[in-house]
2 protein chains.
Amino acid sequence: MQRNITRMQARMNALGVRFRPHVKTSKCTPVAQAQRAAGAQGITVSTLKEAAQFYADGFGDILYAVGMVATKLPQALALRRQGCDLKIITDSVASAEAIAAFGRQHGEAFEVWIEIDSDGHRSGIKPGEAALLEVARTLHQGGMQLGGVMTHAGSSYDLNSPEALAAMAEQERAACVLAAERVRAAGFPCAVVSVGSTPTALSAAQLDGVTEVRAGVYVFFDLVMHNIGVCETSDIALSVLTTVIGHQAEKGWAIVDAGWMAMSRDRGTQKQRHDFGYGQVCSTDCEVLPGYVLSGANQEHGILSREGEADTDIATRFPIGTQLRILPNHACATGAQYPAYHALTEDGELATWSRLHGW
Amino acid sequence: MQRNITRMQARMNALGVRFRPHVKTSKCTPVAQAQRAAGAQGITVSTLKEAAQFYADGFGDILYAVGMVATKLPQALALRRQGCDLKIITDSVASAEAIAAFGRQHGEAFEVWIEIDSDGHRSGIKPGEAALLEVARTLHQGGMQLGGVMTHAGSSYDLNSPEALAAMAEQERAACVLAAERVRAAGFPCAVVSVGSTPTALSAAQLDGVTEVRAGVYVFFDLVMHNIGVCETSDIALSVLTTVIGHQAEKGWAIVDAGWMAMSRDRGTQKQRHDFGYGQVCSTDCEVLPGYVLSGANQEHGILSREGEADTDIATRFPIGTQLRILPNHACATGAQYPAYHALTEDGELATWSRLHGW
């Protein structure tokens with residue numbers, strides 16, 4: 001994990017941008033503290049509960065990167081009144097009007113960033129749309145602080161070649177910079193140009209015009225990222241410790257006590273170049289056991305088998321009681337199944353790091 | 001929920017068997033209390049943490065329905081020493097020997113049930129296998145209490161006709177009864193014959209020779225169960241409340257603030273007759289809005305769209321701020337994403353029911 005943090009921060013420093021990690025991956029204060037110690041400036045959150053928790057734990061500069069709606073404005077106001085430098089986002093005139101009206105009513109100039117759609121995968125205003133300037137005007141003339149523009153090229157998750165990833169990073173950069181230029185040309189402020197996803201952050205050749213990058217899953221990495229091509233399995237810093245509890249030897253199955261509750265139901269590698277089932281099997285010291293995956297999962301049972309031909313020696317290879325580690329498809333989803341991490345420190349000690357759950 | 005509980009208990013009473021609900025679905029004491037109030041005798045759990053929590057909350061008769069391994073025996077012993085009538089299971093001579101050795105070492109005659117494989121989907125000994133009697137002998141002669149046999153026809157989840165479900169229920173019953181008869185014929189005790197899954201429990205024509213049934217998800221039901229054919233969508237007692245936060249109108253998308261963190265990554269309907277994506281969209285009073293589903297999900301964003309042709313009026317139909325409910329694919333997985341349920345009582349009040357998380 002520390003190596004992943006160092007690698008990403010060094011890249012961001014070399015590209016000349018600030019780095020604002022997305023803490024939705026870990027939802028864990030010691031992890032975010034390690035990111036900050038390495039040079040991160042501010043954090044990104046996916047829920048207002050995360051914002052409140054991380055603010056209480058000493059993080060002041062927080063971007064809530066899900067479109068604001070009226071019902072959540074009182075929570076955002078309360079955080080700002082406590083002193084949290086919370087930034088919110090919007091991608092519609094309707095939400096911008098609601099934010100401005102609520103802000104004026106309560107004497108609060110919310111800092112708002114406009115969400116840009118750089119790849120068509122989810123939310124945001126396309127950089128060339130008329131709505132971009134309408135939203136900017138609504139916020140600025142409505143008395144809010146128009147802080148900047150932000151985008152997330154989530155469709156980078158569908159790629160797996162360095163060339164395609166670099167092209168997507170450039171598409172993400174260019175779209176967000178174009179949006180910022182249009183906002184500024186119309187006479188509105190736009191200090192921040194914020195982009196990012198783990199694959200594009202690790203693939204961008206240059207980030208001219210960008211002021212900050214956001215990324216989350218790089219901190220742990222996972223099998224989806226490995227299939228995309230931005231990490232080795234040896235970079236994956238999160239695993240699930242499990243025990244063999246039985247066999248169906250003639251089928252080549254070992255039954256382990258990690259099912260989908262332990263791994264999550266995420267099957268993100270299903271459509272990628274290597275389908276790892278519910279995860280890659282490793283020894284307890286995290287050596288990959290090639291070809292062995294969790295091929296099936298019930299709530300508290302996993303089916304461990306060899307890809308291709310059944311291993312009818314499986315009961316000898318992995319006797320009952322054998323401990324193994326499973327690398328996850330998707331670190332954000334697997335982590336969410338646990339109240340805490342068991343963190344291995346450099347001196348070999350185990351620390352328990354609690355993790356936020358719920359909303 | 002109360003209707004689902006009443007329905008299942010009435011069926012079990014009519015079939016002349018005891019009912020032992022699997023509380024892994026709700027992991028929630030008030031839910032299990034409602035099941036007990038309706039007539040349930042004992043509970044089934046999927047983790048020893050559940051066993052400890054439910055024992056602390058007044059449930060004494062507990063079946064831990066995941067194969068026991070040596071490393072968990074101290075926890076099981078501690079629970080029994082506290083007075084919990086904990087039953088454990090095994091499907092191998094190796095585990096049976098470990099249980100018997102540990103039990104003798106600590107002067108504890110564990111009650112052990114033998115797990116039977118009635119459908120080839122996971123763990124268990126086939127009823128005709130020689131290993132069945134070896135395990136029985138190991139436990140009985142090793143000084144343990146051989147309590148009975150149990151099976152779970154999990155492959156009932158792959159079916160969707162009343163005839164196939166009734167046939168699977170009969171297969172489950174017959175396999176478990178045959179195993180019990182073999183154990184008894186060999187001179188060993190076998191008081192309990194325990195079978196069950198929600199689909200088979202609701203489809204069995206008769207349960208001759210069975211002493212108890214286990215089922216879990218029936219308490220909430222979900223879209224997977226609806227596709228299997230054992231409930232209507234109006235029986236589904238668990239839903240996720242969400243708010244529309246934006247649109248991509250030309251694509252026919254509404255963006256909601258329920259993503260996979262809110263719904264879980266479970267895509268159990270993907271291979272069924274109706275793929276509901278990440279869930280069926282309903283009004284806040286749970287009227288199904290036919291054809292509208294969560295077609296995509298990121299961590300805190302859901303993409304709500306119409307099946308088939310895009311609904312380009314979506315922004316008018318579901319304006320920003322609209323509240324909706326989403327019915328889940330899999331109640332066990334969706335519930336696991338939450339620290340608590342907001343339970344609607346018969347008099348219209350909301351109660352907060354906490355839910356167990358982690359291991």
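Where is A:Lys27 found? I looked there and found A:Lys27 in the loop between strand S1 (18-19) and helix H2 (29-37) of chain A. Helices (H or I, at least four residues) and strands (E, at least two) are DSSP runs, numbered from the N terminus.

**Ground rules.** I noted that this is a predicted model, in which local features need pLDDT of at least 70, side-chain atom pairs count only at pLDDT 80 or more, and totals for chains, interfaces and linings use all residues. Residues are numbered from 1 along each chain as its sequence is written, while chains are lettered from A and ligands numbered from 1 in the order in which they are written.

**Entry: two residues with positive phi.** I read a positive phi of about 45 degrees for A:Lys27, which is not a glycine. A:Lys27 counts as buried because it has 24 C-beta neighbours inside 10 Å. For burial I used C-beta atoms placed from the backbone: a residue is buried if 20 or more others lie within 10 Å of its own, exposed if 12 or fewer, and partly exposed in between. B:Ser264 lies in the loop between helix H10 (260-263) and strand S11 (280-282) of chain B. With 30 other C-beta atoms within 10 Å, B:Ser264 is buried.

**Entry: chain A as a whole.** I counted 12 helices and 16 strands in chain A. The C-alpha atoms of chain A fill a box of roughly 70 × 40 × 35 Å along the principal axes. The radius of gyration is taken over C-alpha atoms, and the globule rule is 2.2 Å times the number of residues to the power 0.38. For 359 residues a compact globule would have a value near 21 Å, and the 22 Å of chain A agrees with that. Buried residues make up 58% of chain A.

**Entry: start of the chain.** I found A:Gln2 in helix H1 (residues 2-15) of chain A. A:Gln2 has 13 C-beta neighbours inside 10 Å and so counts as partly exposed. A:Gln2 and A:Ala237 are 235 residues apart in sequence, yet 8.9 Å apart in space, C-alpha to C-alpha.

**Entry: a helix pair.** How do I describe two packed helices? The angle between their axes and the distance between the axes are used. The axes of H5(A) and helix H6 (residues 130-141) of chain A come within 9 Å and cross at roughly 5 degrees. Axes are lines fitted to C-alpha atoms, for helices over the stretch in contact, and angles run from 0 to 180 degrees between N-to-C directions. H5(A) and H6(A) are therefore roughly parallel (under 35 degrees; over 145 is roughly antiparallel, 65 to 115 roughly perpendicular, the rest oblique). Among the residues making this contact are A:Val93 and A:Ala96 of H5(A), and A:Ala131 and A:Val135 of H6(A). Two residues are in contact if their C-beta atoms, placed from the backbone, lie within 7 Å.

**Entry: where the chains meet.** I found 38 residues of chain A in contact with 38 residues of chain B. Helix H5 (93-106) is among the elements of chain A that give two or more residues to this side. The largest share, 3 residues, comes from S9(A).
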